[in-house]
Amino acid sequence: MHDPLSTGEIPAALAGLVRCTGYLTAGAAPGRRTAGGGAPHVLTLAGTGPEGSRLALAAARTRVPHGHRHVLVTGPGMPAEHADRVRAAAVPGTLVLTGLTGLTGLPGLPDALAEVADAAAVVSSGGYGPVAEILGTDAPALVVPQAGAGPEQLARARAFQGTARSTS
């Protein structure tokens, strides 16, 4: 999505020392889903820290399409009182998990990539880990940059804006 060689951010004198590798999950094979059973699901990756609280709370209150399960993952840095509010607000059929999103998997969710790859849709913060996992799949996604998380989340969300990826 971003090549610092082509933008000039890496000085030409150093260009021979740099190789852009893309996102870490490129080419990774997802394992088997473990959260929410075999039902079709909408996956929300709310992000880490207090920034993810608003997204998690809005997602918890949202009903997903009939016949779908909602798997909502909060980040480990979310304050306990915010996570408690998310759990209390969750509509029936929403499975709320707390843990690390991204490349390392989650307690109770050992292969986040499997959940993303099999999702009917993903709503995610703009964090590096969740976005990398989304890009490794054909899952349709809405990326929501978190206020206060830094400009990189907004840049990732803008990169997704107006793009349509094939779901072959």
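Is Gly49 buried or exposed? I started there and found Gly49 to be buried, with a relative accessible area of 7%; buried means under 20% relative accessible area, exposed over 50%, and partly exposed in between, with a 1.4 Å probe and protein chains only.

Before going on, I noted that this is a predicted model, in which local features need pLDDT of at least 70, side-chain atom pairs count only at pLDDT 80 or more, and totals for chains, interfaces and linings use all residues. Residues are numbered from 1 along each chain as its sequence is written, and side-chain values use heavy atoms, with hydrogens and water left out.

**Entry 1: Gly49, continued**

I placed Gly49 in the loop between S1 and H2. Helices (H or I, at least four residues) and strands (E, at least two) are DSSP runs, numbered from the N terminus. Setting aside residues up to four places away in sequence, I found that Gly49 touches Gly77, Met78 and Pro79; contact means heavy atoms within 4.5 Å. Gly77 sits 28 residues from Gly49 in sequence, yet their C-alpha atoms are 4.1 Å apart.

**Entry 2: the whole protein**

I counted up the secondary structure next: six helices and five strands. Along the sequence they follow the pattern α-β-α-β-α-β-α-β-α-β-α. Of the 168 residues, 39% are buried. I also looked at contacts with a separation of 6 or more, and 64% of them join residues 24 or more positions apart. The exposed surface comes to about 8,800 Å², with carbon and sulfur atoms supplying 58% of it; accessible areas come from the Shrake-Rupley method with a 1.4 Å probe, and for residues only the protein chains shown count as cover.

**Entry 3: helix H2**

How many of the nine residues of H2 are buried? Seven are, and I put H2 down as mostly covered. The buried ones are Gly52, Ser53, Leu55, Ala56, Leu57, Ala59 and Ala60. What lies over them includes S1, strand S2 (69–74), H3, strand S3 (94–98), S4 and S5.

**Entry 4: H2 against H3**

I then took the pair H2 (residues 52–60) and H3 (residues 80–89), which pack at an angle of about 15 degrees with their axes 8 Å apart. Axes are lines fitted to C-alpha atoms, for helices over the stretch in contact, and angles run from 0 to 180 degrees between N-to-C directions. H2 and H3 are therefore roughly parallel to each other; angles under 35 degrees count as roughly parallel, over 145 as roughly antiparallel, 65 to 115 as roughly perpendicular and the rest as oblique.

Which residues make the contact? On H2 they are Ser53, Ala56, Leu57 and Ala60, and on H3 they are His82, Arg85, Val86 and Ala89. By class I have five nonpolar, two polar and one charged residues in the contact of H2 with H3; Ala, Val, Leu, Ile, Met, Phe, Trp, Tyr, Cys and Pro count as nonpolar, Asp, Glu, Lys and Arg as charged, and the others, Gly among them, as polar.

Two residues of this contact got a closer look. Leu57, in helix H2, is in contact with Arg85, Val86 and Ala89 once neighbours within four places in sequence are left aside. Ala60 counts as buried because its relative accessibility is 0%. With residues up to four places away left out, Ala60 touches Leu72, Val86, Ala89, Ala90, Val91 and Thr94. Its C-alpha is 5.9 Å from that of Ala89, 29 residues away in sequence.

Ser125 belongs to strand S4, and I have it as buried because its relative accessibility is 2%. Beyond four places in sequence, its contacts include Leu45, Leu55, Pro130, Val131 and Val143.

Two of those names, Pro130 and Val131, came up again when I listed the buried residues of H5: Gly129, Pro130, Val131, Ala132, Glu133 and Ile134. Helix H5 (residues 128–135) is mostly covered, with six of its eight residues buried. Among the elements covering them I noted strand S1 (41–47), helix H4 (112–117), strand S4 (121–125), strand S5 (141–144) and helix H6 (151–160).
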